[in-house]
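Dear colleague,

Please find below the structure that I am handing over to you. My notes on it follow directly after.

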Amino acid sequence: MKTIPRACLPVAVLAASFAPFASFASFAAFASIASIAAWSGVAHADPANPTDNDKAAARPFAIEGLRLAQEGKCREAVEQLDKAEALVHAPTTAVPLAQCEIQLGKLVEGTELLNRVLNETLPPTAPPAFAEAKKQARGVLDAAAPRIPKLRIHVELPPGMAPALAVTVDGQPVPVVLLDNERPTDPGRHHVVAQQAGYGTAEADVTLAEGQVEPVVLHIAANGATGAAPVVGATADPYGQGVVAVPAAPPAAGSGVPGAPWNAFEFGVRLAFGLPFGSIISGNGNDLNHTVSNQFIPVWLDAGARIASHWYVGAYFTYGIASTASQFSASCPLTGVSCSANDTRLGVNAHYHVLPDNLVDPWFGLGFGYEWLSGSVSASSAGTSIKESLGVDGWEFANIQGGVDFHLLDGALSLGPTVTLTIDQYDHVSSPTNTNGATVGSSITNQALHEWLLLGVRGTYDLKL
């Protein structure tokens, strides 16, 4: 996860800067009214004229917000810094707040906050930290401003129709004066609607990459029923005839734009309960569940790469302790006799994530590998110990996987249920140890398919690149 630059003022400087709150009244008129409205708990506060109670209440929000920002937890930091700014405005909270908003894709809001900081006039009594924050604001603004995309919206009306338009972007009104002009808009996907009073509407979806200027042409039908199909990303004159529609360019991978594809190293751990089906070898009485009744807490380890958000490819290793059953363990209840079994597999797999950037992300996958099942019987009597073992191994032709991830920590950590069905075939057996202590191996001629159904939970961690 990316973090904001180390140039952010440390918590100690921020705490010290909150001491001379009495001097804020002369320059705090630029406080964010939107932040006050968004935080109903402090709707009474006036950042331009903070009371002692406001100052005391703002201090812990500011310190906690800056700590979170320095740790790269911008989503949580914005919530805290918004509260601090709504109570008492200070450049030392406004600049980290703007940096986090920019990192989260809110380029317009973040850069406007930086502009307000730069346009402030600090009194001679302002602490040095405020002046340092203003210097930092200039550098952040100069780097972020060229990244802001712009929409150029044009509405086509039937000939002779007088404009009476209401245009919105994501539900927010667009002043008529901005039509046919560049409107700064955050990166990502946006929904544009134009409505002509008494006639109809036209709509378009457009995805903006950083720094992009994107024309959007909306056609209002003359019959007043519905809007004509919008043209997004025109390659010809957006105000003339013969406009050709092309898909809007998606955000570039790794750009940090919300909704842009991303890559990561992914590590996963699964815990499950396994049930066997099928046969070890063909023939009556050779069912797998006659040898092992289940696997309890098989550990499944994944390691691989997430590619373009949706895809995962990697390798897996599993080890499960199996409960012996029936014919294999007929003598195990006897005094001095013990039985054990385990199942190991190694292979590769791939997953597809349906909603990789959502809180709830269904996924499914496919893999293949190799399986080893082994069991042993140990007995001791009159100071003599005997241990015999039996092992079978073969290809895991396929494992079909699926589950749901619930994303935590901005998507870096995920937890959720998972189910896996393996399709395997043993083709080699290692017989009990002979009198020389060596094992005797042979091929299985009457091979048969068997399956394992693994039900459990999975946790993953994505180290984004």
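How many disulfides does the structure hold? The answer is one, where a disulfide is a pair of cysteine sulfur atoms within 2.5 Å. Before the details, please note that this is a predicted model, in which local features need pLDDT of at least 70 and side-chain atom pairs count only at pLDDT 80 or more, while totals for chains, interfaces and linings use all residues. Residues are numbered from 1 along each chain as its sequence is written, and side-chain values use heavy atoms, with hydrogens and water left out.

The disulfide

The bond runs between C74 and C100, with an S to S distance of 2.2 Å. Its torsion about the S-S bond is about -75°, so the disulfide is left-handed. C74 belongs to helix 4 (residues 74-87) and C100 to helix 5 (residues 91-103), so the pair ties together parts that are 26 residues apart in sequence. Helices (H or I, at least four residues) and strands (E, at least two) are DSSP runs, numbered from the N terminus. Both C74 and C100 are buried; buried means under 20% relative accessible area, exposed over 50%, and partly exposed in between (1.4 Å probe, protein chains only).

The nonpolar cores

A nonpolar core is taken here as a set of buried Ala, Val, Leu, Ile, Met, Phe, Trp, Tyr and Cys residues joined through side-chain atoms within 4.5 Å. The largest one has 23 residues, of which V95, C100, I102, L114 and A137 touch the most other members. At least two residues of this core come from each of helix 3 (52-70), helix 4, helix 5, helix 6 (107-119) and helix 7 (128-144). Helix 5 gives the largest share, six residues. Apart from this core lies another, of 16 residues, including I153, V192, L218 and I220. Leaving aside residues up to four places away in sequence, V95 touches L114, V117, A133, Q136 and A137, contact meaning heavy atoms within 4.5 Å.

Salt bridges

The whole structure contains 16 salt bridges, each defined as a side-chain nitrogen of Lys or Arg within 4 Å of a carboxyl oxygen of Asp or Glu. In helix 4, E79 and K83 lie four residues apart, about one turn of the helix, and their side chains meet in a salt bridge of 3.7 Å, N to O. E79 is partly exposed at 46% relative accessibility, whereas K83 is buried at 16%. Another salt bridge pairs K73 with E71, the closest N and O atoms being 3.4 Å apart; K73 is partly exposed at 34%, and E71 is partly exposed at 38%.

D302 and R270 also form a salt bridge, with 3.1 Å between the closest N and O atoms. This pair links distant parts of the chain, D302 being in strand 10 (residues 292-307) and R270 in strand 9 (residues 264-278), 32 residues apart. D302 is buried, at 7% relative accessible area, and R270 is buried too, at 3%. Finally, a network of salt bridges links D343, R345, E371, E396 and D424.

Backbone points

Which residues other than glycine deserve a look for a positive phi? D170 has a phi of about 55°; D170 sits in the loop between strand 2 (165-169) and strand 3 (172-174) and is partly exposed at 42%. For D180 phi is near 65°; D180 lies in the loop between strand 3 and strand 4 (182-184) and is partly exposed at 30%.

With kind regards
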